[in-house]
Each structure stands twice: as structure tokens, then as C-alpha cells.
Amino acid sequence: MATAARSTKYRRQSDTELSRMEIMEGAALCFEARGYAATSLDEVAARISSTKGRIYHHYGSKAELFLDVYRTGMMMNFQAIEPLLEHDMPPIERLKAVLKAHVRCVIRTKAFQNVVGQGVDMLRHGTMPANEHAELAQLAELRDAYSEHFSKVLKDARATGAIDYTNIKIALNSVFMCINGPIVWFTPRKGQAEHEIEALADECVLYAIRLLGYRGEMS
């Protein structure tokens with residue numbers, strides 16, 4: 001993620017060559033820390049050591065930037081799990097792999113996923129103007145498509161008897177509560193080892209599948 005602590009030389013380069021991803025990374029951190037309403041483009045510019053004009057070169061408004069961060073967060077999720085969906089493996093192992101890939105993505109792109117969560121709340125409460133609200137509704141359809149991947153994996157695992165549930169919507173919501181938990185409680189630590197991240201992901205997945213009656217091992 002981009003930070004505000006940059007040299008003058010780097011700052012000049014960023015003003016010239018600033019990418020949309022750098023802007024989104026800085027914006028995601030700002031939206032995560034202060035929320036959409038309290039965040040200004042001036043704060044985003046300060047976060048990435050650039051100018052507001054450079055942001056306006058790519059985005060026409062704060063809302064447009066927010067929606068792009070939301071969309072990118074969702075695409076990060078899809079990219080994390082889709083390669084696993086067609087792997088030749090037992091359904092329960094596919095379920096574990098997909099859940100763990102999602103948790104890893106949540107941990108590694110936490111600020112983006114926080115924005116996704118904010119977007120869901122904003123759609124529910126109608127806090128954006130009509131044009132942006134319509135785009136939020138389209139992004140909600142993207143979230144629904146993402147949930148469908150999990151629904152299929154859950155159904156496949158249930159068909160083998162490895163897990164059980166009565167209502168797929170309740171099962172999905174319960175699972176997502178577990179695997180989205182790091183959005184709320186995880187705080188990245190400088191120098192945090194990869195094996196610690198893996199252990200956190202395994203624990204989240206274990207809780208999720210235990211809710212579905214799985215009694216086997218994680219590995």
C-alpha cells in the first residue's frame with residue numbers, strides 16, 4: 001500500500017506517473033480509516049504524496065473513486081478464488097481451498113474489502129446520489145455472482161455428506177461472517193511472517209466449516 005512518507009524526488013515522479021492503482025490504494029486506506037463521508041480527496045492526495053489535480057486526472061469525483069475501489073476489491077476476490085473452482089479435487093477440499101483463498105485475499109487487501117462493506121451499507125441506506133446509487137446496485141450484482149461461487153461449492157460438499165445445512169442462505173451468511181472477520185479485527189503488523197497469516201486463515205476456515213458440521217482435519 002502507498003504511504004505518505006515519500007521523498008521529494010519520488011513525489012515529483014508520482015505527480016507525473018501516478019497510476020490509478022496507487023490512487024485506489026491510498027483512497028482505500030482513507031475510506032477504511034474515516035469512512036466515505038468524512039474522507040476528502042485532499043486527504044487521499046496527502047496519503048499518496050500527490051496533488052488533488054492528479055486524482056482528478058483519473059476520477060471525476062470522490063464517489064467515482066470510491067466505486068472504483070469497491071469494484072477493484074471485488075475483482076481481487078474473484079481472482080483469488082476462480083482458479084480453484086475447476087481444480088480436480090474432492091468437493092470438501094475445494095471448499096476449504098476457496099474459503100482459505102478468500103480469507104487470504106481479505107487479509108492482504110483489507111482496506112479494499114472494508115470499502116466493499118461500506119458500499120453494501122450505503123446501498124442499503126440509500127446514501128449516494130441516484131447515478132452512483134445505480135452503480136452501487138450493479139456492484140451488488142457482482143457480489144451476488146461471487147456468492148454464487150460459494151453456494152455451488154457448498155452444495156457440492158453437502159452432496160458428498162462432508163457438511164450439512166438446512167438453508168443455503170443461512171449457511172452462506174454464517175460462512176461469510178467467519179471468513180470476512182479479518183476485515184473487522186485484523187491489524188497488519190510490520191514484519192508479520194507469512195506462516196502467521198496462513199495460521200489465521202486456517203483458523204477462520206476451520207470455524208466456518210465447523211459451523212457446517214465438518215469434523216475432519218484442515219489439511
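Lysine 190 sits in the loop between α10 (182–185) and α11, where helices are DSSP runs of H or I with at least four residues, strands are DSSP runs of E with at least two, and both are numbered from the N terminus. What I present is a predicted model, in which local features need pLDDT of at least 70, side-chain atom pairs count only at pLDDT 80 or more, and totals for chains, interfaces and linings use all residues. Residues are numbered from 1 along each chain as its sequence is written, and side-chain values use heavy atoms, with hydrogens and water left out.

Lysine 190 counts as exposed, at 86% relative accessibility. For these classes, buried means under 20% relative accessible area, exposed means over 50%, and partly exposed lies in between, with a 1.4 Å probe and protein chains only. From lysine 190 to histidine 57 the C-alpha distance is 33 Å, across 133 residues of sequence.

Let me turn to the chain as a whole. It has 11 helices and 0 strands. The radius of gyration is 19 Å, close to the 17 Å that the globule rule gives for 219 residues, so the chain is as compact as a globular protein of that length. That radius is taken over C-alpha atoms, and the rule is 2.2 Å times the number of residues to the power 0.38. The C-alpha trace spans about 60 × 45 × 30 Å along its principal axes.

Of the 219 residues, 45% count as buried. Among contacts with a separation of 6 or more, 71% are made by residues 24 or more positions apart; contact here means heavy atoms within 4.5 Å. The chain exposes about 11,300 Å², of which carbon and sulfur atoms supply 53%. These areas come from the Shrake-Rupley method with a 1.4 Å probe, and for residues only the protein chains shown count as cover.

Is asparagine 77 buried or exposed? Asparagine 77 is buried, with a relative accessible area of 3%. Apart from neighbours within four places in sequence, asparagine 77 is in contact with His102, Cys105, Gln113 and Tyr146.

Phenylalanine 112 belongs to helix α7 (residues 110–125) and is buried at 2% relative accessibility.

I close with a backbone detail. Serine 49 has a phi near 55 degrees, a positive value in a residue other than glycine. Where is serine 49? Its place is the loop between α3 and α4 (52–58), and at 7% relative accessibility serine 49 counts as buried.
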